Every structure is written in structure tokens, then in C-alpha cells.
Amino acid sequence: MSSAAVPSPTSILDTDLYKLTMQQAVLHHFPDLSATYRFTNRDKTRLVSRKCVERFRTAVSQFTDLSLTPQERDWLQKACPYFKPAYLSFLDAYRYKPEQVHINFVPVSADELWGNVEIEISGPWVETILWEVPLMATLSECFFQSVDVNWNYDGQEKSAYDKGRKLLEAGCIFSEFGTRRRRSYHTQDIVVRALVHASRDAPQKGRFCGTSNVHFARKYNLTPIGTIAHEWFMGVAALKGYENTHSTSLDLWEAVYPDSLLIALTDTFTTKAFFEDFTADPERAQRWRGLRQDSGDPFAFGPRVKEMYESLGIDPGQKAIIYSDSLSVDKAIRLQKQANELGFEQASYGIGTFFTNDFQTASSGGAEKSKALNIVIKLSSISNKPCIKISDDLAKNTGDQSTVEYVKRYYNLITAET
């Protein structure tokens with residue numbers, strides 16, 4: 001893939017739905033608080049070029065051109081009735097402020113042309129919350145335009161179509177979750193279009209539910225998919241304290257969304273800690289529609305969830321269970337088989353990078369993998385209070401180390417199995 005024009009943002013809705021749903025919740029509960037976010041490249045062996053960072057910087061400067069169009073607002077109001085008029089008016093007036101994004105290239109090569117990139121976002125939480133997804137998508141696209149160019153689009157549409165057909169024929173209910181680490185905007189467009197075609201052609205055993213990307217949901221007349229992310233739990237815990245923090249986060253969320261979007265993410269401070277809070281209020285466990293798994297062993301998650309619901313006298317078959325951690329088609333199909341055996345009638349799968357950044361190197365004729373970037377942007381602080389994430393991979397923590405250790409001690413996670 002040869003170098004192309006700097007990727008220009010297409011729509012303010014070219015983001016994941018949960019950023020908008022969380023923005024409305026922040027606007028409701030915490031409209032005046034400041035926040036910082038920090039970028040991490042988990043693969044330290046993959047350097048970026050100075051040229052790539054400059055392209056990225058240029059792309060970020062163009063975000064000022066984005067605003068919600070009247071047509072987008074009308075569609076959003078109909079497609080997402082849980083967005084209140086006050087929030088839609090806020091989003092209507094919202095403009096990205098590139099001065100909130102601080103980008104620093106740190107050279108490590110002798111010629112200073114190769115190195116690492118540091119990114120920090122700072123400003124009001126209600127504004128900076130929208131930067132994470134498009135920044136990651138833009139950086140990934142810049143990288144694959146100017147650093148790793150040994151790839152092309154050959155076979156992408158057929159590959160996505162075949163993946164969709166295989167999932168549908170196996171009876172899987174699934175959504176496309178690939179915005180943040182997509183290879184390019186064009187890749188995601190190809191993938192969503194192919195999945196739409198597959199859903200029309202395949203026997204209706206499974207179902208393609210939609211996409212987390214609000215812009216593509218509008219473009220292809222799909223349901224935008226998403227509820228809540230780790231960021232909400234991280235921010236609320238930093239502000240309100242870690243005692244009963246999951247209950248606090250869920251109650252604040254439910255105050256904004258009493259009748260919808262009640263899918264809880266379990267692993268911010270481990271599923272073990274989440275279940276301790278969640279089971280303390282059986283009525284709330286009944287109200288919330290289901291749970292999402294995003295780290296740890298997915299095959300251990302289902303049995304744990306079933307046992308938890310049954311301990312509360314709740315029929316697991318009536319609850320949604322959603323898997324979204326590094327899924328492939330084959331893993332989703334194996335999880336569906338387990339879900340059938342466990343009696344989960346509402347299991348579904350959010351598949352991201354495997355859809356939108358699954359490429360082979362051009363020079364190998366498709367024989368070798370062209371790896372996606374392994375990057376994240378996480379909430380770092382709220383009102384100068386550190387925000388952390390532990391997850392069900394206890395060795396994979398994010399945030400201030402002293403706070404991580406405090407929270408691990410608080411939840412007795414130092415030696416605990418999750």
C-alpha cells in the first residue's frame with residue numbers, strides 16, 4: 001500500500017456508540033470536571049517514523065472541521081431515542097479542540113527519524129471523552145500509510161463476507177466492533193458492507209446485529225451497538241471511592257438510562273470484585289439486561305455468570321452475555337457452542353480487529369500476517385485523581401502503579417484467581 005493523503009475525519013459520528021452514551025452520562029453527572037487520557041503502544045518493538053507522527057499531527061488539526069449535521073441529528077434522534085434533547089443540542093454545538101491533544105515524537109534511532117509517540121489529551125471530561133476512538137483510528141491509518149506499507153486491499157471484501165457467512169451459519173449473533181484499531185476508514189467501510197451482504201445471503205440461523213460505529217450504522221441502515229466502557233467505572237471510582245464502586249457506577253448509569261443500555265462491563269477491577277457488588281442487589285441484577293466479557297478466559301466466564309445468576313434465583317437464559325475480547329470467527333463459534341450448552345439464549349459477539357485489521361503482507365503473496373497495532377488510549381485522571389484499570393488479566397494493569405496496588409489490596413486480588 002503506497003503512501004496516501006493524510007486521513008481526514010469524515011463525520012463526528014465516525015466513532016463508537018459508547019463514547020456518545022458515556023458523554024451524555026458525563027454531561028448529566030459530571031459536566032464541570034477535568035480529565036486526562038494517555039496513549040500506550042503495547043508492542044514496544046513497533047516504532048513509528050517522524051513522518052508518520054507529522055501526518056498524524058496534521059490529521060488531528062483537521063478535526064476542527066467536524067460538526068453534527070442536521071441530517072445526522074435527525075437520524076440519531078430516531079435511531080437512539082435514549083439521547084435526550086439537551087444532549088443532542090450539546091452535541092450539535094460540540095467542536096473538537098485540537099489544542100487538547102498533546103503529541104510528542106521521541107526519537108530513538110541515531111538519525112532521529114524513528115521512535116515512539118506520546119499522546120496526552122487534557123481538558124473538560126465532557127469534551128475530551130470523544131477523542132479516544134478517532135485518535136486511535138487515525139494513528140493506525142497514518143501508520144499503515146507511511147510505516148508499514150507492505151499490504152493491499154486484495155481479497156478484503158470476500159474475506160469479510162466469508163467470515164460473516166460462517167458466523168451466521170453457526171447461529172452466532174454478532175456485531176462489528178472494529179473502529180479503534182482499523183487499518184483504515186476504507187477497510188471498515190468494506191467490512192461493514194460485506195457483512196450486510198452476508199446477512200442478506202446467509203440462512204437466518206444467526207444474525208448480524210449492527211456496528212459500534214455510529215457513522216457506518218447510519219450509512220448502512222444498521223443498529224448502532226454499544227452501552228458502557230471501562231472509562232465510566234474508572235472515572236466514577238476515582239471520584240467516589242472504591243467501596244461499592246460497581247454499585248455506584250451502575251446506579252449513576254441507570255439514572256441516565258433507566259429503560260435501555262443496561263449491559264454491564266464486568267472486568268474493570270476484575271469480575272470477582274464486580275460480582276461481589278452486583279450480587280448484593282438482586283433486584284438490580286434482574287433489571288440489568290446482561291453482562292459483557294472483555295478480558296480473561298472467555299470460556300470460564302460463561303459458567304461463572306450462570307452460577308452467579310442462579311445463586312440469585314435468576315434464569316440465565318433470560319440474560320444477555322456478550323463477548324468482545326480479541327475474538328476471531330472460530331473463537332466466537334466455540335463460545336456459541338458453550339453458550340448453547342449452558343442455556344444462554346442471548347449470547348452475542350462483538351468482533352473488532354479480526355474484521356477491520358486482518359491483513360497479509362503483499363510481499364509474501366498472502367502467506368504472512370501483516371500485524372495490527374496493539375494500541376490503547378485510557379483515562380488517566382479525573383480532577384487530578386488517578387484512574388486505573390486492572391482487568392481479568394491481573395498482570396495487565398493500566399494507570400498509576402500505587403493506585404493499582406491499593407485497589408488490588410482493597411479487593412484482595414494480590415494472589416486471588418479471577
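## About the model

This is a predicted model, in which local features need pLDDT of at least 70, side-chain atom pairs count only at pLDDT 80 or more, and totals for chains, interfaces and linings use all residues. Residues are numbered from 1 along each chain as its sequence is written, and side-chain values use heavy atoms, with hydrogens and water left out.

## The second largest pocket

Let us start with the open space. Rolling a probe the size of a water molecule over the atoms shows where empty space is left. Here a pocket is an open set of points on a 1 Å grid over the protein atoms alone, with protein on both sides within 12 Å along at least five of seven lines, while a cavity is a set of points where a 1.4 Å probe fits but cannot get out; lining residues have an atom within 4 Å of a point. Grid points are joined across faces, edges and corners, and a volume is the space filled by probe spheres set on the points.

Helices α6 (132-146) and α8 (185-201) each supply at least two lining residues, and α6 gives the most, with 6. Helices (H or I, at least four residues) and strands (E, at least two) are DSSP runs, numbered from the N terminus. By type, the lining divides into 16 nonpolar, 7 polar and 4 charged residues; Ala, Val, Leu, Ile, Met, Phe, Trp, Tyr, Cys and Pro count as nonpolar, Asp, Glu, Lys and Arg as charged, and the others, Gly among them, as polar.

Helix α6 is mostly covered, as 15 of its 15 residues are buried. Buried means under 20% relative accessible area, exposed over 50%, and partly exposed in between, with a 1.4 Å probe and protein chains only. The end C-alpha atoms of α6 are 21 Å apart, which agrees with the 21 Å that its 15 residues should span at 1.5 Å a residue; the expected span is 1.5 Å times one less than the number of residues.

The structure holds 1 cavity of 30 Å³ or more, and about 50 Å³ of space lies in the largest cavity. Its lining is made up of F39, N41, R46, V48, V117, L139, F143, L373 and I375, with at least two residues each from β1 and α6. These lining residues divide into 7 nonpolar, 1 polar and 1 charged.

## Strands and sheets

Strands of a sheet pair through backbone hydrogen bonds, either parallel or antiparallel; two strands count as paired if DSSP finds at least two bridges between them.

Elsewhere, β14 (375-382) is largely enclosed by the rest of the structure, because 8 of its 8 residues are buried. Strand β14 runs antiparallel to β1 (34-41), joined by 7 bridges, with A35 opposite I382. Strand β14 also pairs in the antiparallel sense with β15 (385-386) over 2 bridges, and there I382 faces K385. The hairpin of β14 and β15 has 2 residues between the strands, and S383 takes a positive phi near 50 degrees.

Helix α11 (245-256) has 9 of its 12 residues buried, including H246, L250 and W253. These buried residues pack against α1 (17-29), α10 (230-240), β8, α12 (271-278) and α13 (282-287), where contact means heavy atoms within 4.5 Å.

Most residues other than glycine have a negative phi, and most peptide bonds are trans. N244, in the loop between α10 and α11, has a positive phi near 55 degrees and counts as partly exposed at 43% relative accessibility. S326, in the loop between β10 and α15 (329-342), has a positive phi of about 50 degrees and counts as exposed at 60% relative accessibility.
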